[in-house]
Amino acid sequence: MKACGLAVLMVLSGFAVASAEEWGGAAQAPVPGLTRAPAVTSDAAFSVVTVASGLKYPWGLRFLPDGRMIVTERVGQMRLVTADGKLSAPLAGVPKVVTQGGQAGLFDVELDPAFAQNRTLYIAYFEPRAGGGQGLSVARARLGAGPALEDVRVIFRAVPSNGPAINLGGRLLFGRDGQLFVTVGDRFTQRDMAQSLAADNGKIVRIRKDGANPADNPFVGRKEARGEIWSLGHRNPQGLAIRPSDGSLWDVEHGAKGGDEINRIAKGHNYGWPVITYGVDYSGAKIGVGTKKAGLDQPLYYWDPSIAPSGMAFYNGTLFPQWTGNLFIGALKYKDVRRLVLKGDAVVGEERLLAHLNERIRDIRQGPEGALYLLTDNEAGRILKLVPKPR
C-alpha cells in the first residue's frame, strides 16, 4: 500500500489506525499562499553538530543542572547523555509503557522547578490500565543513583481509558506559577470528546505537582466537568512553549488533512476542534461547521497541507541574536524545522531549515549555552545542535 495519496493507514481486525501526518506519509510541495506568512531567509550562519547518536525514537529532552541531558525514547526507555555524547544504559525504574499500536510509547520528560534540590522529574507515557484499558498518564519520580528512577508514582491518568493509540498528546511543561501543563490528544475516533468537559480527550490540562487540581483552574467545582481541564477543543497537541517576553503559553497541534495550527492558550478557552478546523477529514469530507464559529478561538497560524508539527521552542539565547523572539517548530512530515518570525502574536515570516538532513524532528530545546538542540525521530535517533558557524 503506497503512502502517497493516503492520509491514513488502517490495519483492520482491531489493530492500529495511524495518521500519515504523524508517521511521515509522502509529503507534497506546499501550495503557495496556504502557509500564510511570506518566506524569509535566515541571516544567521550556523553549523549542525551531532551531539549523540544511538537513540531509539527519542521523544523528549531536558537539560540537567550538572550539564547532562535526560532523554526519553518512545520504545519505553530513558537515558542520560553527557555533553560529549556518551549515553548511559537505559534507566531502571521506568514504569510499564504500552509501546504497541499506533503512536503509543514513552513521551515527554519535565524537570521539577526545584530539581537541583529534590531530583524530581515527571514523565508522560501511554499506560496499561486495570481492566484492559490504556491511556495517557503522568508519573512523578526521583532521579536516583544507578542511574534509576525511584519513588515512582502516577499522579494523573487521562480518562476515559478506551480508544485507539492515536492522537495521544504527551507534552509536559511547567508554567511560571509552578503548575504542570499536560497535553492530551483526542484519541482519533473519539474526537467529539474534545468538546466534552467530562473527558480529558482533546484538552490541555493543568495539575499540581501531586496531581491535584489547582483551585484556580477554570472548571473546578463545575458539575460534571473535570477540574484539571485548562483549555479544550484540541486535536493532538505535541508542542508547548512559554514565550519569554510575556509569559504566555503557546501550543502547536496536528490537524487532520490540513489544519495544523498554533494557538496562544488562554484559561478556559475553546479552540474549536472538531467543530471548526482549517483541515478536512482524510476522506476529503468536511469536518464540523467550517473554519469559524462564535465563541471558538481562531488559531494564530495554520498550515495546509499539514506539516505534522511536534516540539516547539521560543529562542531568547545569545548565540543567535538574529533569532531573538523567533519560534522554532519541528516538522515530522516535511522533515525540517520551521523558523517563524513574529510581530506581536502574528506570524510575519516563515523559513524552512535543515530540509537537507531528511530527518523527522520530534523535539526542539534551547540549551543553557544558547544553542538549539533537536531530536531526530527514527530508530537510529540523534541529538543535534545548531551552533554559530565559525567565521
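## The largest cavity

In this predicted model, the largest cavity is lined by Gly135, Leu136, Ala158, Val159, Pro160, Asn167, Leu168, Val184, Gly185, Arg187 and Asn201. Sorted by class, this lining is made up of 6 nonpolar, 4 polar and 1 charged residues. The volume of the largest cavity is about 70 Å³, and a search of the whole structure finds 4 cavities of 30 Å³ or more. Rolling a probe the size of a water molecule over the atoms is what shows where such empty space is left.

## The largest pocket

The largest pocket holds about 630 Å³ of space. Its lining consists of 24 residues, and those closest to the centre of the pocket are Arg62, Glu110, Leu173, Arg365 and Gln366. By class, the lining of the largest pocket has 17 nonpolar, 3 polar and 4 charged residues.

Several elements contribute at least two residues each to the lining of this pocket, among them the strands β4 (58-63), β7 (106-111) and β23 (361-366), together with the helix α2 (115-118).

## Aromatic pairs

A pair of aromatic rings is described by the distance of the centres and the angle of the planes. The structure holds 13 aromatic pairs. One of them joins Phe188 and Tyr282, which are stacked with 6.2 Å from centre to centre and 25° between the planes. Because Phe188 lies in the loop between β12 (180-184) and β13 (203-207), while Tyr282 lies in the loop between β17 (260-265) and β18 (301-303), this pair ties together parts that are 94 residues apart in sequence. Phe188 has a relative accessibility of 14% and therefore counts as buried, and Tyr282 is buried with a relative accessible area of 14%.

The rings of Tyr278 and Tyr302 are also stacked, because their centres are 4.1 Å apart and their planes stand at 15°. This pair links distant parts of the chain, with Tyr278 in the loop between β17 and β18 and Tyr302 in strand β18, 24 residues apart. Tyr302 is buried, at a relative accessible area of 11%. Elsewhere, ring pairs link Phe46, Tyr315, Phe320, Trp323 and Phe328 into a cluster, and the charged end of Arg74 sits over the ring of Tyr57, 5.1 Å from the centre of that ring.

## Salt bridges

Side chains of opposite charge can pair when their charged atoms come close. The whole structure contains 31 salt bridges. In one of these, the side chains of Arg365 and Asp108 meet at 3.6 Å, N to O. Since Arg365 belongs to strand β23 and Asp108 to strand β7, the pair ties together parts that are 257 residues apart in sequence. Arg365, which is among the residues closest to the centre of the largest pocket, is buried with a relative accessible area of 11%, and Asp108 counts as buried at 0% relative accessibility.

Asp112 forms a salt bridge with Lys209, and the closest N and O atoms of the two are 3.1 Å apart. Here Asp112 lies in the loop between β7 and α2 and Lys209 in the loop between β13 and β14 (229-232), 97 residues apart. Asp112 counts as buried at 4% relative accessibility, whereas Lys209 is partly exposed, with a relative accessible area of 30%. A further salt bridge brings together the side chains of Asp377 and Arg362, at 3.6 Å from N to O. Asp377 lies in the loop between β24 (372-376) and β25 (381-388), and Arg362 in strand β23, 15 residues apart. Asp377 is buried, with a relative accessible area of 3%, and Arg362 counts as buried at 0% relative accessibility. Finally, salt bridges that share partners join Asp108, Arg171, Asp363 and Arg365 into one network.

Conventions:
Residues numbered from 1 in each chain as written. Predicted model: local features only at pLDDT ≥ 70, side-chain atom pairs only at ≥ 80, totals over all residues. Heavy atoms only, no water. 1 Å grid on protein atoms, 1.4 Å probe; cavity = no way out; pocket = protein on both sides within 12 Å on 5 of 7 lines; lining within 4 Å. Points joined across faces, edges and corners; volume = space filled by probe spheres on them. Nonpolar A, V, L, I, M, F, W, Y, C, P; charged D, E, K, R; others polar. Helix = DSSP H or I, 4+ residues; strand = E, 2+ residues; numbered from the N terminus. Phe/Tyr/Trp six-rings, centres within 6.5 Å; stacked < 30°, edge-to-face > 60°. Buried < 20%, exposed > 50% of the residue type's maximum accessible area, 1.4 Å probe, protein only. Lys NZ or Arg CZ within 6 Å of the ring centre and 35° of its normal. Salt bridge = Lys/Arg side-chain N within 4 Å of Asp/Glu carboxyl O.
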